[in-house]
Amino acid sequence: SYDYPKVFVGPMVPPIHGDTSLLDSPEQWKGKSLEDIVNFRLNLVRGNYVARQDADDMSDRVRLEEQLRFMECHPNIDAVGTDVILVDSAAIRAGTLEIPPDLKGLDRRNILVHGSMFFRGIVFKLVGGYDERMRLSQDYELYLRMIRIHHMSISVLSKQYYFLRQHSASLSSHFIFRQLYYSVLAKYFVKNNSSQKRLGVRFYF
């Protein structure tokens, strides 16, 4: 009634055991994988939400506001993405990508756009962050783990709030076959819900 801001109450230490000094020492991150570095940063997040945004893409100015509003109105949803406008290297509109609200097809391939995703902060604490074994398709493995193992819910706003840049130098263009390979591994890991060592998986590229 006095417009007092919302306050988050919780421990102000990383939710991991042992020496955590590495998390606060970026100079020691040299040689670490992208997944390792992202997980380091996620372990330091104390906010209620985590938003993704790829450096080469763009978002509508109201994207985060709309996703925040949706999440606060739907406490049963753990993450939400958006529909997408495809643009070329000059940021000229080249098409659209409409994602089925029921996420039909996600069990076969990744239909979500990682840069458009908006998560509850607690998600990464509960699921353990991104799988460092995944050199590509890390987001796909995360979505499958959230849904199949942790029984979380993912939704999509049927609004085109994200601009996905597509060009010959993009990661998806350069490593399409590697992405397919790691997408298969993602489904395999989640289906078995086990460690790489016990499964005897070997990475070929």
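So, strand E3, residues 79-87, runs parallel to E6, and 9 bridges join the two. Quick bookkeeping: this is a predicted model, with local features needing pLDDT of at least 70 and side-chain atom pairs counting only at pLDDT 80 or more, while totals for chains, interfaces and linings use all residues. Numbering starts from 1 along each chain as its sequence is written, and side-chain values use heavy atoms, leaving out hydrogens and water.

Helices (H or I, at least four residues) and strands (E, at least two) are DSSP runs, numbered from the N terminus. Strands pair if DSSP finds at least two bridges between them.

Back to E3: E4, residues 93-97, is joined to E3 antiparallel by 4 bridges. Which residues does Val84 stand opposite? In E6 that's Tyr162, and in E4 it's Leu97. The hairpin of E3 and E4 has 5 residues between the strands, and there Ala91 takes a positive phi near 65°.

E6, residues 154-165, also runs antiparallel to E2, residues 58-59, with 2 bridges. Met58 has Phe163 as its bridge partner in E6.

Now helices. H4 (residues 138-149) and H6 (residues 176-192) have axes that come within 9 Å and cross at roughly 25°; axes here are lines fitted to C-alpha atoms over the stretch in contact, with angles from 0 to 180 degrees between N-to-C directions. That makes H4 roughly parallel to H6, the label for angles under 35 degrees. On the H4 side, the contact (heavy atoms within 4.5 Å) includes Tyr140, Leu144 and Arg148; on H6, Ser183 and Val190 are among the residues.

Last, rings. Searching the whole structure gives 3 aromatic pairs, meaning Phe, Tyr or Trp (its six-membered ring) with ring centres within 6.5 Å. Ring pairs link Phe119, Phe124 and Tyr130 into a cluster.

Terms used: Phe/Tyr/Trp six-rings, centres within 6.5 Å; stacked < 30°, edge-to-face > 60°. Parallel < 35°, antiparallel > 145°, perpendicular 65-115°, else oblique.
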